[in-house]
Amino acid sequence: MNIPFLGHRGQKPGVFDPEGIAELLAECELLRSQAGRAGVQLDDSVASLEALDQLQPRWRDDEEILPWLGNDAGLYLGTVIVRTVPGAAWEIGPDGRPVVRLASGREFDVVASGQEWAASGVPELSQLYAEVAEY
């Protein structure tokens with residue numbers, strides 16, 4: 001796996017491997033662990049977003065886990081979008097945050113969306129996916 005910020009000898013700076021980025025961003029270890037304990041398998045499908053929306057939000061009581069879980073939820077939402085919406089791809093924004101860019105050129109800050117979902121449940125991940133998939 002080629003992870004751009006780790007660098008490779010002989011490779012020009014700024015050149016990155018989109019597949020390596022996608023693999024790294026898809027890990028979402030904390031979210032996958034929490035979902036697994038609740039019996040939800042995250043298989044990078046739209047149905048798994050719907051299943052996440054149905055989980056009891058026990059993490060909201062833990063101020064240490066909440067931001068990490070929100071970050072993972074956003075990255076997972078982005079992973080599902082990139083893997084299922086034609087032309088969608090990960091990009092690293094000027095601020096260093098990962099965003100999803102659609103074929104239309106529109107960008108979505110999925111991490112911010114994931115953090116909102118983790119904190120309040122609104123908007124639902126499946127609803128966000130439906131909105132993005134329409135573009």
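Me: A salt bridge here is a side-chain nitrogen of Lys or Arg within 4 Å of a carboxyl oxygen of Asp or Glu. What makes the contact of Asp109 and Arg97 a salt bridge?

Reply: The N to O distance between the side chains of Asp109 and Arg97 is 3.2 Å, and the cut-off is 4 Å, so the pair counts. This is a predicted model, in which local features need pLDDT of at least 70 and side-chain atom pairs count only at pLDDT 80 or more, while totals for chains, interfaces and linings use all residues. Residues are numbered from 1 along each chain as its sequence is written, and side-chain values use heavy atoms, with hydrogens and water left out.

Me: Why is Asp109 called partly exposed?

Reply: Buried means under 20% relative accessible area and exposed over 50%, with partly exposed in between (1.4 Å probe, protein chains only). Asp109 has a relative accessible area of 33%, so it is partly exposed. Arg97, at 30%, also counts as partly exposed.

Me: How many salt bridges does the structure hold, and what makes Glu91 and Arg101 one of the pairs?

Reply: There are five salt bridges. Glu91 and Arg101 meet at 3.7 Å, N to O, which is within the limit, so the pair qualifies. Helices (H or I, at least four residues) and strands (E, at least two) are DSSP runs, numbered from the N terminus.

Me: How do you know that the buried residues of α5 lie on one side?

Reply: In helix α5 (residues 110–120) the buried residues are Val110, Val111, Ser113, Gly114, Trp117 and Ala118. They cover an arc of only 160° around the axis, so they sit on the same side of α5. The arc is that of the directions from the helix axis to the C-beta atoms. An α-helix has 3.6 residues a turn, so residues three or four places apart point the same way.

Me: What covers the buried residues of α5?

Reply: The cover includes α3 (46–53), α4 (65–84), β1 (89–92), β2 (98–101), β3 (107–108) and α6 (125–134).

Me: Why are the buried residues of α3 said to line one face?

Reply: Ser48, Leu49, Leu52 and Asp53 are buried in α3. Their arc, seen down the axis, is 150°, so they line one face of the helix. What covers them includes α2 (29–37), α4, α5 and α6.

Me: How do you know that Asp53 has no salt bridge?

Reply: The nearest side chain of opposite charge, Arg60, is 8.2 Å away. Lys and Arg count as positive and Asp and Glu as negative; His and the chain ends are not counted.

Me: What makes the pairing of Asp53 with Trp117 a polar contact?

Reply: A polar contact is a pair of N or O atoms within 3.5 Å; within protein, one must be able to donate a hydrogen and the other to accept it, and residues adjacent in sequence count only if both atoms are side-chain atoms. The side chains of Asp53 and Trp117 make such a contact at 3.0 Å. Leaving aside neighbours within four places in sequence, Asp53 is in contact (heavy atoms within 4.5 Å) with Trp117, Glu124, Leu125 and Ser126.
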